[in-house]
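Dear colleague,

I am passing on a structure that you have not worked with before, and the notes below it say what was found in it. Please read them with the structure open beside you.

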Amino acid sequence: MNHTAASGSSDRSDQLRANLAQVEERIAVACRAAGRDRGDVTLIVVTKTYPASDVRLLAGLGVRNVAENRDQEAEAKAAESADLPLSWHFVGQLQTNKARSVVGYADHVHSVDRLRLVGALSRAATAEGRQVGCLVQVALDAESGAQGERGGVAPDAVGALADAVAEAEGLRLDGLMTVAPLAGGYAGQPRAAFDRLMEISSRLRETHPAANMVSAGMSQDLEEAVAAGATHVRVGTAVLGVRARLR
Ligand SMILES: *Cc1c(COP(=O)(O)O)cnc(C)c1O
């Protein structure tokens, strides 16, 4: 049984190593095509639905940034991985009553999309004596004043929310995040969506020059994100495999 467990884990490690090498090659090729330095793009591996043992193997393979989208799952995994040199990113829709838990382990929250959440994160970070990097999530498919289907604020609300983050104690405004829309005018047009995000980012940096993180691109569309100028890509499936449940 020990033998099975050991060889199972080394099989998994080999698989993750091979998948990581493929993703790394895709990022490198996309950077070359765009005339960008490979060092300007950070890979964040999205480990949602996969066990803490995979997080440990990934850390052993050199991964330094991981992301989760559900607090309950993330909190347990981060606790099991506390000895590893990892930065944790929270990328899911976030309820205000989870803010305290999330600031306990997350270095970055990519899904800041409303004022109430800014307040909750600020109070929690201040209580913990922490500073949390925040990205405003942009919903490119949302109408003015509305929320996106999968979280995020409409582009015209980004400025006010970013100002609120920048002024909030315990929070640092680091940039913007988006998920390529499945519906609306940008459906099936990830490059156009990411170009739009870059425009919004350029405008944001006129007033907040340090807010230079642009989190965009997943397994399906990381090349388009790198071409557009993303600084962080969030890749799950291409590293860990197809998730058992859709979430
Ligand atoms: C799951 C998820 C990802 C990763 O998606 P893949 O298609 O598995 O690469 C990226 N960003 C967010 C916000 C996610 O929820």
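**Notes on the structure**

According to UniProt, in an unreviewed entry, residues 19–243 are annotated as "domain: Alanine racemase N-terminal"; UniProt positions are given in the numbering used here, feature names are shortened, and annotations may be inferred rather than shown by experiment. Across residues 19–243 the span is 41% helix and 18% strand, and its end C-alpha atoms lie 15 Å apart. Helices (H or I, at least four residues) and strands (E, at least two) are DSSP runs, numbered from the N terminus.

Please keep in mind that this is a predicted model, in which local features need pLDDT of at least 70 and side-chain atom pairs count only at pLDDT 80 or more, while totals for chains, interfaces and linings use all residues. Residues are numbered from 1 along each chain as its sequence is written, and side-chain values use heavy atoms, with hydrogens and water left out.

**The ligand and Lys 48**

The ligand is surrounded by Val 46, Lys 48, Val 91, Met 218, Ser 219, Arg 234, Val 235, Gly 236, Thr 237 and Arg 243, where a residue is near a molecule or strand if one of its heavy atoms lies within 4 Å of it. By class, this shell has four nonpolar, three polar and three charged residues; Ala, Val, Leu, Ile, Met, Phe, Trp, Tyr, Cys and Pro count as nonpolar, Asp, Glu, Lys and Arg as charged, and the others, Gly among them, as polar.

The protein buries 89% of the 390 Å² that the ligand exposes when taken alone, with accessible areas coming from the Shrake-Rupley method with a 1.4 Å probe, and for residues only the protein chains shown count as cover.

Lys 48 is also the residue that UniProt lists, in an unreviewed entry, for "modified residue: N6-(pyridoxal phosphate)lysine". Lys 48 lies in the loop between β1 (42–46) and α2 (52–60), and Lys 48 is buried because its relative accessible area is 13%; buried means under 20% relative accessible area, exposed over 50%, and partly exposed in between (1.4 Å probe, protein chains only). Not counting residues up to four places away in sequence, Lys 48 touches Ala 67, Glu 68, Asn 69, Glu 73, Lys 77 and Arg 243, contact meaning heavy atoms within 4.5 Å.

Thr 49 is in the loop between β1 and α2 as well, and Thr 49 counts as partly exposed because its relative accessible area is 22%. Its phi is near 75°, a positive value in a residue other than glycine. Most residues other than glycine have a negative phi.

Met 213 lies in strand β7 (residues 213–215) and is buried, at 8% relative accessibility. Beyond its neighbours within four places in sequence, Met 213 is in contact with His 108, His 110, Leu 135, Asp 174, Gly 175, Leu 176, Thr 231 and His 232.

His 232, in turn, is placed in strand β8 (residues 232–235) and is buried as well, at 12% relative accessibility.

Gln 137 belongs to strand β5 (residues 132–138) and is buried, at 4% relative accessibility. Among the residues in contact with Gln 137, leaving aside neighbours within four places in sequence, are His 110, Asp 113, Arg 150 and Met 177.

**Two loop residues**

Ala 210 is in the loop between α7 (190–207) and β7, and Ala 210 counts as exposed because its relative accessibility is 59%. Leu 61, in the loop between α2 and β2 (65–68), is partly exposed, at 23% relative accessibility.
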